[in-house]
Amino acid sequence: MDKIGLIYASRTGHNEQIAQFLQQQFADLGQPTQLFNIETVKVADLERLPGFIMVSYTYHDGQIPDEALAFFDELQTADLRGKVYAVTGSGSIKHRHFGRALDYFDQLLNHLGALRATAVLKIDQDADRGDLARLTNFCQQFVDFPGIVTQAQEK
């Protein structure tokens, strides 16, 4: 089974921690993953994977983070038909455009033909126990999505 990609943009470390938590949850489900920093990932990396999860924050006034702009631009012409994706990330609910970058990633990935496995999950600041429970469920929903064949399903 191919790995699921976990792509993260993290300024404060919150989203890197979320990506690492997701990696552990997938490991507990018997699903291999590959962690990518958004500054180094390429669209070609996604094309080799059956699915991926974007973990990002929203910068300033609802913008894509600076370190994610090159990747976001590269995505514009990608053919992601049939790829399975999900989007999550941490931000501050105090901002008027809480989690807007997550919505931008979701809209673009959907437009490119990728299939969303579960609803966008927005987390306020540092993930608390409730958020961790929602992230655990998020992973299960991703693995259960019909377009993903996991190692557990192959056995």
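Predicted model: local features only at pLDDT ≥ 70, side-chain atom pairs only at ≥ 80, totals over all residues.
Close-up 1. At the start of α5, the backbone nitrogen of G130 has a side-chain oxygen of D128 within 3.0 Å.

**Close-up 2. The buried residues of helix α5**. The buried residues of this helix are D131, L135, F138, C139, F142 and V143. Viewed down the axis of α5, these buried residues fall within an arc of 130°, so they line one face of the helix. An α-helix has 3.6 residues a turn, and therefore residues three or four places apart point the same way.

**Close-up 3. The aromatic pair of F52 and Y85, one of 3 aromatic pairs in the structure**. The rings of F52 and Y85 are stacked, with 6.4 Å from centre to centre and 25° between their planes. The pair links distant parts of the chain, since F52 belongs to strand β3 (residues 51-55) and Y85 to strand β4 (residues 84-91), 33 residues apart. Both F52 and Y85 are buried.

**Close-up 4. The aromatic pair of F72 and F105**. The ring centres of F72 and F105 are 5.2 Å apart and the ring planes stand at 85°, so this pair is edge-to-face. Distant parts of the chain are linked here too, with F72 in helix α3 (residues 69-75) and F105 in helix α4 (residues 100-111), 33 residues apart. F72 is buried, and F105 is buried as well.

Key:
Residues numbered from 1 in each chain as written. Heavy atoms only, no water. Phe/Tyr/Trp six-rings, centres within 6.5 Å; stacked < 30°, edge-to-face > 60°. Helix = DSSP H or I, 4+ residues; strand = E, 2+ residues; numbered from the N terminus. Buried < 20%, exposed > 50% of the residue type's maximum accessible area, 1.4 Å probe, protein only. Arc of directions from axis to C-beta. Polar contact = N/O pair within 3.5 Å; in protein donor to acceptor, adjacent residues only side chain to side chain.
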